[in-house]
Number of protein chains: 2
Amino acid sequence: MVNRADIESFYRGFQERFSAGITRLDDGEPFTADIWARDGGGGGETRILAGGPHIEKAAVNFSAVHGETPTELSERMAAMGASFYATGVSIIVHPRNPYAPTFHANVRYFETDDGRAWFGGGADLTPYYLFEEDVIHFHRVLRGSCDRHPVADHAAWKQACDEYFYLPHRGEARGVGGLFFDHLTEDLDEVWAFQQDLADHLLDAYLPILEQRIATPFSARESLWHEVRRGRYVEFNLVWDRGTKFGLETGGRTESILSSLPPHAVWVYGHEPEPDTPEADLLTLLRGPARDWTAFPTGS
Amino acid sequence: MVNRADIESFYRGFQERFSAGITRLDDGEPFTADIWARDGGGGGETRILAGGPHIEKAAVNFSAVHGETPTELSERMAAMGASFYATGVSIIVHPRNPYAPTFHANVRYFETDDGRAWFGGGADLTPYYLFEEDVIHFHRVLRGSCDRHPVADHAAWKQACDEYFYLPHRGEARGVGGLFFDHLTEDLDEVWAFQQDLADHLLDAYLPILEQRIATPFSARESLWHEVRRGRYVEFNLVWDRGTKFGLETGGRTESILSSLPPHAVWVYGHEPEPDTPEADLLTLLRGPARDWTAFPTGS
């Protein structure tokens with residue numbers, strides 16, 4: 001049976017392993033830990049790496065909070081008991097090099113005192129320049145975790161990710177997707193085994209791409225494009241991301257919630273890349289139908 | 001009696017006069033006009049100045065749109081007729097110099113085919129460094145327009161502005177306020193006379209402050225603070241501003257709506273200015289109760 005102590009313990013270890021992996025890649029640049037307590041109960045550890053040689057900003061945040069169910073939460077979840085418990089790890093990595101994609105992932109567990117419990121989470125990739133082999137690698141690793149656990153519905157969760165990370169006001173996907181699952185209330189032992197498998201493979205999914213791209217030479221042109229697209233990342237997180245909006249509206253810890261935002265962003269009126277450029281190719285991809293990135297030969 | 005043709009004509013003239021005033025101050029840097037049509041009816045002219053010597057980004061946007069009332073609008077306004085007409089001018093000025101405040105203003109008029117009509121609008125100032133004399137000047141000019149028109153409730157509209165331009169997740173005001181009024185459905189002729197008076201004095205309210213501050217020497221320290229605070233501006237506009245959210249959610253013209261965003265913004269985890277600095281003084285002001293900036297001797 002899943003239980004809070006095991007989940008918290010795994011999440012703390014996951015936070016440690018993931019941040020250590022990023023630090024190794026970033027020539028030893030360490031994270032700074034900010035340990036905080038929540039007024040209503042519980043707390044967390046927000047780990048930030050800023051200004052490293054390759055990673056401009058990363059956050060690997062653990063939290064385990066509990067207490068009286070906030071009214072807003074109760075209304076959203078259709079009456080969910082008088083008290084709640086929530087734990088999770090949220091990750092964002094914003095590399096400095098425009099050829100290296102941004103990575104985001106989240107694993108979480110929720111319980112209420114009326115006996116309900118569920119898992120949620122996912123991972124997704126946001127490139128600024130498209131390298132198909134990177135995207136295929138990323139999706140294959142996520143699919144691998146799903147394929148090892150019959151409880152995981154890769155096709156549905158891949159589609160949920162494409163639908164979630166979408167900017168209706170731009171008609172653009174935020175990135176090239178990944179996995180998104182939420183409110184998994186059944187078969188909790190199996191879901192928990194899957195979630196641990198996924199968490200254990202997120203460095204495999206992302207680090208090889210980072211290693212491949214972080215030393216690519218780039219100029220002011222790529223930097224401007226990077227910052228314009230980071231503006232879109234801000235737009236998604238502040239306008240559409242349910243977790244961010246909910247956190248900010250219900251008195252969540254603002255600095256932890258907004259640690260997902262890129263270090264810089266730029267807004268240029270009516271910015272459109274020149275036709276037949278790598279920038280235009282990315283936009284065409286993001287404005288088009290989502291692709292099935294694992295429908296390629298998987299013999300590798 | 002107020003009528004659409006007179007209002008549109010005044011708004012177009014106001015757009016022209018305000019953008020000309022900014023261009024004069026910015027050593028002749030011109031605005032670029034982007035004329036657009038709305039699928040459902042009407043259109044507008046978005047005027048952008050970007051990369052001027054003193055003004056990093058400004059938008060002075062006119063629109064006059066009409067058509068079938070969108071379902072979302074009808075629900076928000078509690079059933080408002082089958083068709084609507086809306087016209088307005090929206091202004092944002094983001095100067096390059098951190099000692100020069102950002103300016104925002106808006107005048108608008110709305111009609112429905114069931115015979116209802118109203119005005120709304122306002123103006124507000126967002127400094128990055130506090131110069132009390134600038135803020136007093138700004139509020140006095142706005143109050144002057146109110147004092148000339150008995151229909152204008154300066155105290156209530158000043159308070160509404162303080163309440164509207166507030167970031168609950170930061171516990172901070174966006175800036176030092178100004179005026180905010182909406183849904184003025186009574187005494188439309190008087191309200192219209194007031195609104196024209198206000199529009200005619202917005203250059204007086206802002207330009208002298210700009211002229212005073214745009215040449216102040218500054219270093220990387222002030223620039224970083226400027227960009228961090230511009231991040232707050234983005235947070236307000238994308239998370240809390242009702243007009244922005246509504247526009248993006250109902251298929252408004254994204255580039256025009258988001259022309260209010262600053263050209264650059266920065267997010268630094270847990271950024272707090274050193275105590276006893278001008279940056280800390282500004283934050284203390286923004287985190288404290290709103291001040292009555294016109295309760296000073298007005299003999300000047």
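User: How many residues of chain A are in contact with chain B?
Analyst: This is a predicted model, in which local features need pLDDT of at least 70, side-chain atom pairs count only at pLDDT 80 or more, and totals for chains, interfaces and linings use all residues. Residues are numbered from 1 along each chain as its sequence is written, while chains are lettered from A and ligands numbered from 1 in the order in which they are written. Two residues are in contact if their C-beta atoms, placed from the backbone, lie within 7 Å, and on the chain B side 23 residues take part, facing a number in chain A of 23.

User: Which element gives the most to the side of chain A that touches chain B?
Analyst: Helices (H or I, at least four residues) and strands (E, at least two) are DSSP runs, numbered from the N terminus. Strand S2 (42–50), helix H7 (220–240), helix H9 (254–257) and strand S10 (264–266) of chain A each supply at least two residues to this side. With four residues, the element that gives the most is H7(A).

User: In S10(B), which residue is the bridge partner of A:His264?
Analyst: Two strands pair if DSSP finds at least two bridges between them, and S10(A) pairs with strand S10 (residues 264–266) of chain B over three bridges, in the antiparallel sense. Within S10(B), the partner of A:His264 is B:Val266.

User: Which strands stand at the edges of the seven-stranded sheet of chain A?
Analyst: The sheet is open and antiparallel, with the order S1-S2-S3-S4-S5-S6-S9 in chain A. Each edge strand has a single partner strand, so one side of each is left without a neighbour in the sheet; these are strand S1 (32–37) and strand S9 (177–184) of chain A.
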